[in-house]
Amino acid sequence: MMFMRSCTKIVLVSLALLVLLGVEAATASEFNYGEALDKSLLFFEAQRSGKLPPNQRVKWRGDSGLQDGLAQGVDLVGGYYDAGDHVKFGLPMAFTVTMLSWGAIEFRKEITDLHQLGQTLWAIRWGTDYFIKAHPQPNVLWGQVGDGNSDHYCWERAEDMTTPRNAYKIDESHPGSDIAGETAAALASAAIAFKPYNSSYSSLLLVHAKQLFSFADRFRGLYDETNEDAKEFYTSSGYSDELLWAAAWLYEATNDDYYLKYVVDNAMYMGGTGWSVKEFSWDNKYAGVQILLTKVLLEGRGGAYTSTLKQYQAKADYFACACLQKNDGYNVHTTPGGLLYVREWNNLQYVSSASFLLAVYSDYLSAANVKLNCPEGEVQPQEILNFAKSQADYILGKNPKSMSYIVGYGAKYPVHVHHRDASIPSISVLSAVVGCVQGFETWYHRTEGNPNVIYGGLVGGPDQNDNFSDDRSNYEGTEPTISGTGPLVGPFSKLQSLNGGFNRGSPKPHTPTPSVYHNETTAPPKPADTHPIKFLHSITSTWTIAKTSYYRHKVVLKNTSEKPITNMKLVLENLEGPLWGLSPTPQKNTYELPQWQKVLQPGAECTFVYVQGGPQAKISIQSYN
């Protein structure tokens, strides 16, 4: 009997411990989200267009699209191919960059702890550098390169591309508030992501973001009304959500009350507090706007606009409750296996974006110690995150097919991916040109799996009954897209951070894929300054002469130490324009403080200015005493 009582006590104690550790048990997982994150970032390297960097990790890709924009007299080299084709569609590309940037902002610590912040910023910048080139004038934006129809009639590698590289732009006579607004949102959110590491580049992004928002707001219209090619592939349902979206991100980036007032004054007219939605995507930004503005409210920044922001919060709650199946019947449809199901075509892109919103909303509510109010009861923030996790787990293999829908992740994943470059051997293996028809005959209809694994690509996924056909011709289900993959960076980093804290022993810590890609104008994040001089690099004005944009750069140097600094010498590389505030030395590209300010006292600042067209000058400290 004593033995039985002892066993009973042990069981009761064990049960009590399980209850106390319930959160830990709920977050434990057999999945390595860090590996999934690493592979997701690799996918963006596979989708790069343009001149690839010397240490590109995806070795089966080569340079492509090097003459994009040449016929139109503008440099449009770079950016991302949209999916399994070779068209650069600006609207979904901009949405992708916004989502990557939002992930880098909200989950900065988690991504940094996984040693992936550098790769995330590179993925963002490959898009933003392209957007800067595509925005040569305040009221001009090139929104697409490539012809969708002719491209889809060809099955060839990007390196062999023979299809027309038509380019389409919006301007004052042919407006596109949707694509201009989304691009403004992408640049504004990226400006926040880059600000701690490259303040000058952040300022440059904001210059373009503000101009694009003003252009989108003043000259209103749908971009696909003047771009018939885009209408066939990425039809826009409206532009009001993009205007609110851009303004919300510009408020986050600038803290300028003008933008907050804009989303409040236009809340009802543009549908921000009127539309209750059950999807978030490259086309429909309302749920994102509503959750982002709820963050403003929860952080106590609403001020005189609090009542309207509460209306935004009500709509944010509607979206979250609909996903969690607690919306009094007005829920997002789910498959028998528990997957959110929104559209037949590439449904997983809606799942990834919803998972992202739920993950950030869970964090916002948790930080404010607020619960989600649903028609079917209150929901704790942890429960919202648990649901986001369930969707991520489904994607990674916890589904009726035991199939990972991230290519290259897990033991079982799609191998007949609808992707031209992945399905044809690399030019380093097959140097002969593969033509349009030959590509279809030899490689598209091939029964074997693809010769190249396009790691990290999120395919379209299963149907509403959890069925999936791993067939190259099943483009609804096996084609990966950048707009589907981009939102996963945020939730994967969040979930892996929870695994590291709670799931002791499994999965094993993830080692990211190494890369030595360096960008001359952006320094990788550093844990701490290596010298006592702090730089603040900003752009104070911009103008255009003969289609060339020039920028006035202001650089502030501050002595952050407790000792005076003397004999400081700076090196300015790639400086092309005039410079004020520094004195040149006999040594090439080397400058010193002016005669009247040879000593920089503790806490003191020194300012110099230069004018430059193109990328900023690279500034470094050569020596000081």
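Predicted model: local features only at pLDDT ≥ 70, side-chain atom pairs only at ≥ 80, totals over all residues.
Local features were taken at pLDDT of at least 70 and side-chain atom pairs only at pLDDT 80 or more, whereas totals for chains, interfaces and linings use all residues. Residues are numbered from 1 along each chain as its sequence is written, and side-chain values use heavy atoms, with hydrogens and water left out.

**View 1. Strands β1, β2 and β3 form an open sheet in the order β1-β2-β3, with antiparallel pairing.** Strands are DSSP runs of E with at least two residues, helices are runs of H or I with at least four residues, and both are numbered from the N terminus; two strands count as paired if DSSP finds at least two bridges between them. Because β1 (88-89) and β3 (167-170) stand at the edges with a single partner strand each, one side of each has no neighbour in the sheet. Strand β2 (residues 141-145) pairs with β3 in the antiparallel sense over four bridges, and valine 145 stands opposite alanine 167 in β3.

**View 2. Helix α8 (residues 177-194) packs against helix α9 (residues 199-218) at an angle of about 160 degrees, with the axes 8 Å apart.** Axes are lines fitted to C-alpha atoms, for helices over the stretch in contact, and the angles run from 0 to 180 degrees between N-to-C directions. The two helices, α8 and α9, are therefore roughly antiparallel to each other, a term used for angles over 145 degrees. The contact (heavy atoms within 4.5 Å) involves, among others, Ala180, Ala184, Leu187 and Phe194 of α8 and Leu205, Leu212, Phe213 and Ala216 of α9. The residues of this contact divide into 15 nonpolar, six polar and no charged, where Ala, Val, Leu, Ile, Met, Phe, Trp, Tyr, Cys and Pro count as nonpolar, Asp, Glu, Lys and Arg as charged, and the others, Gly among them, as polar.

**View 3. Serine 236 lies in the loop between α10 (228-233) and α11 (240-254).** Apart from neighbours within four places in sequence, serine 236 is in contact with Asp178, Leu222, Tyr223, Asp224 and Asp283.

**View 4. The loop between α14 (306-323) and α15 (348-367) holds glutamine 325, and aspartate 328 lies in the loop between α14 and α15 as well.** Glutamine 325, although not a glycine, has a positive phi of about 65 degrees, and this residue counts as partly exposed at 28% relative accessibility. Aspartate 328, also not a glycine, has a positive phi of about 55 degrees and is exposed, with a relative accessible area of 55%.

Definitions and conventions: Buried < 20%, exposed > 50% of the residue type's maximum accessible area, 1.4 Å probe, protein only. Parallel < 35°, antiparallel > 145°, perpendicular 65-115°, else oblique.
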